[in-house]
Each structure stands twice: as structure tokens, then as C-alpha cells.
Amino acid sequence: MLVSEHHGKALLRAGGIAVPRGVVARTPEQAAAAAGELGGVVAIKAQIPAGKRGKAGGIIFAESGEAARRAGELLASSIAGFPVRTLLIEQRVEIARELYAAVMNDAATKSPLVLFSAEGGIDIEELNVSNPDAILRRVVDIRRGFTAADARLMLAGSTLEEGLRDAVADVLAKLYRQYRALDLELLEVNPLAIDRGGRAWALDCKLSVDDSARSRHPDFVAEAAGAFGPAGTELEQRGRELGLLYIELDGQVGVLANG
């Protein structure tokens, strides 16, 4: 289950990771009120299940007085085929450095995998092809876990400045803790930003919960499910109600898969 950015950031905040102040808005009036509360220049971010929103115009910056108009334009648009129904109005963080961090399920090792790159804020997929050595990887033994000390050893192989490593190691350890506690398949922060005071912020996050673990987190799932509208086709939704994984394809073909 893919979780919206604002729900994901609430979980990061609960795990002790710094995220910008933000308010959810679904109308231009709500956006204006949120911008007035936050003050100054705000980020207006479309809450859609698609990546690279910034390049597609899904993230814009505006003075509080312009927030209603710009939010209205965004709410009237579609991005990557998804109509924009919800916005996150967020305080702007003055960025000194952009990094990349993630924890995910690794099929090759059948273990959690922690990723870090000092080259964040870019297309990480392209970086993985053009310069794979720029992405550090640490396979985690789930019996042992992953601590800030482990993260510090991992960062020793990076180009990150020595003075920033403790702050980033702390974030990486907390990301792994939330990944395990919430039964996640993926927890990605891009960019993980360093402000001018050296503090680390999760400016964006992508968070996906293992569907098989939804029953373990009923309160969170009830709140976050449906954030992007109904998930799947009518038949796929019916399959979930029956405890089945059904994937509907074009024509008269479908896949029924239960391990």
C-alpha cells in the first residue's frame, strides 16, 4: 500500500526525524489559510501516487498572498494522469545540501537494504546507471538490526563531510527503525536535506506498507488507505475484501495469486 506524502511524514515525525511543518488542504481557501499560518514562502505540493512531481509541475513555491491562486491552479490539474485532489502546504527549508536515503526490501539478499548517496535531489535511477558507486549499500541482518554506529561505518565510504555524518547516521538508523516497526516494503527520502545550520530534514518521502501486514496496523491503515482514491479496479477491490490478491489485466485475462 503506497502512502501519501503527508501521512508518511507524520510517521517520520513520530520516529524522531525532522520534517517541515505542513498542513493538508483540499480547497484554495484552505491552502490560503495554511499559508497564512506558516508564513513567508511556502511549498504547495500535489499529493499524487507518482514520482518526479517537481519536474511535472506538481511542486510550486508561492508567497502566502499567492497561495490561493496557485493552489487553485494545481487542484484544477492532472499530473501523470492523476487528478490533483489534495495538497500539502509546507514551510520552506533553506537547503545547503541535498542527499538521498532509503531502506527497502532487497530481493537478491532477501534482507533489508539501506541505501545512501551524497548526491540527492536528482534522478536516483539515472545515478544508479551512470555512477553506481555513488550509492552506498548496506545489507542488514534483521536479527542484529541497524544502528547509528552501523550507519556511521557505512558513511565512512561516502563523500559526505565529516561534520555531517553524525546527523545523517542518526537519520538512517531512525529510518530503519520505522521501516521495521511499520512493516514497510520501502521508505525513501529524496531529498534528505541539510539546512544552513547543519540539521537534517526529510523534505520528501515515499513510503509503502507490505499489504500482508495491513492487519497489524489497523489504525494507521484506516487513516492512510484511500488517500489516492480507490486502489485498483472494482474486481481487484472485491478480491481484497475476500482476502485474495487479484490483478486485472486487459481483455479477459486476470491473475489470482495467493502464496
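User: In this predicted model, which residues form the nonpolar patch on the surface, and how much accessible area do they have together?

Analyst: The nonpolar patch on the surface is formed by L245, I247, L249, V253 and V255, which together have about 390 Å² of accessible area. One of these residues, I247, has its place in strand β14, which spans residues 246-248.

User: How should I read the accessibility of I247: is it buried, partly exposed or exposed?

Analyst: A residue is called buried under 20% relative accessible area and exposed over 50%, with partly exposed in between. I247 has 36% relative accessibility, and therefore counts as partly exposed.

User: Turning to helix α1, how many of its residues are buried, and which are they?

Analyst: Helix α1, which covers residues 5-14, is mostly covered, with seven of its ten residues buried. The buried residues in α1 are E5, H6, H7, G8, K9, L11 and L12. Just after α1 comes G16, whose phi is positive, at about 85 degrees.

User: Why do A80 and K110 count as exposed?

Analyst: The cut-off for exposed is over 50% relative accessible area. A80 counts as exposed because its relative accessibility is 59%, and K110 counts as exposed because its relative accessibility is 75%.

User: What is the general idea behind finding a pocket, and how much space lies in the largest pocket here?

Analyst: When a probe the size of a water molecule is rolled over the atoms, it shows where empty space is left. In this structure, about 1,300 Å³ of space lies in the largest pocket.

User: Which residues lie nearest the centre of the largest pocket, and what makes up its lining?

Analyst: The largest pocket is lined by 47 residues, and those nearest its centre are K52, R53, N190, P191 and D204. By kind, the residues of this lining divide into 25 nonpolar, eight polar and 14 charged. Strand β11, residues 184-195, provides the largest share of the lining, with five residues.

User: What kind of peptide bond joins N190 and P191?

Analyst: N190 and P191 are joined by a cis peptide bond, with omega at about 10 degrees. P191 is found in strand β11, and both N190 and P191 are among the residues that lie nearest the centre of the largest pocket.

Technical notes:
Residues are numbered from 1 along each chain as its sequence is written. This is a predicted model: local features need pLDDT of at least 70, side-chain atom pairs count only at pLDDT 80 or more; totals for chains, interfaces and linings use all residues. Side-chain values use heavy atoms; hydrogens and water are left out. Buried means under 20% relative accessible area, exposed over 50%, partly exposed in between (1.4 Å probe, protein chains only). Helices (H or I, at least four residues) and strands (E, at least two) are DSSP runs, numbered from the N terminus. On a 1 Å grid over the protein atoms alone, a cavity is a set of points where a 1.4 Å probe fits but cannot get out, and a pocket is an open set with protein on both sides within 12 Å along at least five of seven lines; lining residues have an atom within 4 Å of a point. Grid points are joined across faces, edges and corners, and a volume is the space filled by probe spheres set on the points. Ala, Val, Leu, Ile, Met, Phe, Trp, Tyr, Cys and Pro count as nonpolar, Asp, Glu, Lys and Arg as charged, and the others, Gly among them, as polar. Patches are made of residues with over 30% relative accessible area and no salt bridge: like charges are joined within 9 Å, nonpolar side chains (Val, Leu, Ile, Met, Phe, Trp, Tyr) within 5 Å. Accessible areas come from the Shrake-Rupley method with a 1.4 Å probe; for residues, only the protein chains shown count as cover. A salt bridge is a side-chain nitrogen of Lys or Arg within 4 Å of a carboxyl oxygen of Asp or Glu.
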